[in-house]
Amino acid sequence: MKKYIGIIASVVYALLFRLLVEFHVMEINSWTYLILVPVLMGYLPFVLDKKTFIESKLKSILFPMISVFLFLFIAFITQLEDLGCFVILLPPYALISALVSLSLRLCLKENTGDSNTGMTKNSLIFIALPLVLGHVEKGMDKKTNAFELSEKIIIESSDQGVWNNLFSVPDLSNDMESSIYNYVGFPNPVRSNYNDKTNTRLGYFSNGIVLHEKVIEQKDRKKLSFAIDIDQSILNKSQTFQHVLRNKNLVFQSITYRLKRIAANRTELTLSCTYQLSTNIPIYGDFWSKQIIHDFETKLLKALKQNIEKQGKDELY
């Protein structure tokens with residue numbers, strides 16, 4: 001049982017820092033939380049029981065990974081995280097903690113010493129380091145980059161027929177494809193309702209999220225742009241959306257449809273998202289934002305194409 005104390009301590013340690021995020025002491029979107037905490041998750045079990053790790057290469061890799069999985073699983077079932085956060089955090093946490101543990105084993109294999117001496121004073125200072133650095137990093141300016149991602153599709157319909165379905169998007173539940181991102185918790189758009197008096201629309205998603213969007217530009221059958229009002233949107237169904245949108249780590253500046261008439265009953269529809277990403281870990285943030293937005297745009301355009309073309313066929317009968 002003693003050899004598993006390190007796993008338990010590592011899980012409790014990570015959960016403690018996750019709770020500190022809830023109290024705004026530190027942020028998820030930081031080097032401290034994404035890199036340093038998993039480093040310590042790999043270090044803590046080793047310090048508590050060096051002998052177990054030095055004697056077994058498999059345990060030096062497996063135990064940190066078990067700790068990471070248990071931490072994220074507990075965070076998920078307690079609704080500290082949703083499945084999307086689970087998937088985003090799992091790769092760096094598992095890889096970093098296992099590499100740290102394996103590296104310590106390789107460095108100290110020839111000098112086992114007394115494996116039961118517990119944590120030294122230096123170890124305690126090191127373990128407390130994320131608390132200090134996380135608070136400092138929270139007050140630092142994040143690197144901000146602007147992006148625009150676009151996807152296009154050809155729809156066998158007139159530009160007027162396409163235009164008529166952009167303000168209030170019809171129910172796409174039966175036309176929307178599922179992707180790997182849906183299975184890990186990211187929602188699909190379902191429909192939207194437009195209010196011509198306020199010039200706003202509500203965009204409904206499959207997990208209960210509702211985005212409040214305002215029309216900021218429109219050119220008849222040419223261009224339609226929306227801006228998302230995060231303060232009026234309903235995001236409490238998704239921890240991932242809360243972290244990213246409510247905390248303004250990702251800010252959508254506009255979501256734009258562009259129409260190009262190719263023929264009487266053939267229209268090119270382009271969907272573009274312009275956004276700013278503010279993060280201390282730009283490479284990781286850039287990767288996930290581009291993957292998720294690309295998936296969203298592609299599926300939405302395909303669903304719109306299928307729905308609009310089906311409307312055209314129904315009108316013929």
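User: Which helix does Leu-62 lie in?

Analyst: Heads-up, this is a predicted model: local features need pLDDT of at least 70, side-chain atom pairs count only at pLDDT 80 or more, and totals for chains, interfaces and linings use all residues. Numbering runs from 1 along each chain as its sequence is written, and side-chain values use heavy atoms, without hydrogens or water. With helices (H or I, at least four residues) and strands (E, at least two) taken as DSSP runs numbered from the N terminus, Leu-62 falls in residues 57–77, helix α4.

User: Is Arg-18 buried or exposed?

Analyst: Buried means under 20% relative accessible area, exposed over 50%, partly exposed in between (1.4 Å probe, protein chains only). Arg-18 has 0% relative accessibility, so it counts as buried.

User: How far apart are the closest N and O atoms of Glu-22 and Arg-18?

Analyst: Both lie in helix α1, four residues apart, about one turn of the helix. They form a salt bridge (side-chain nitrogen of Lys or Arg within 4 Å of a carboxyl oxygen of Asp or Glu), with the closest N and O atoms at 2.8 Å.

User: How many residues apart in sequence are the parts tied together by Glu-156 and Arg-266?

Analyst: These two form a salt bridge, at 2.3 Å between the closest N and O atoms. Glu-156 lies in the loop between β1 and α8, and Arg-266 in strand β7, so the separation of the parts they tie together is 110 residues.

User: Which residue forms a salt bridge with Lys-305?

Analyst: Lys-305 is partly exposed at 23% relative accessibility. Its partner is buried, at 18%, and the closest N and O atoms are 2.6 Å apart; that partner is Glu-309.
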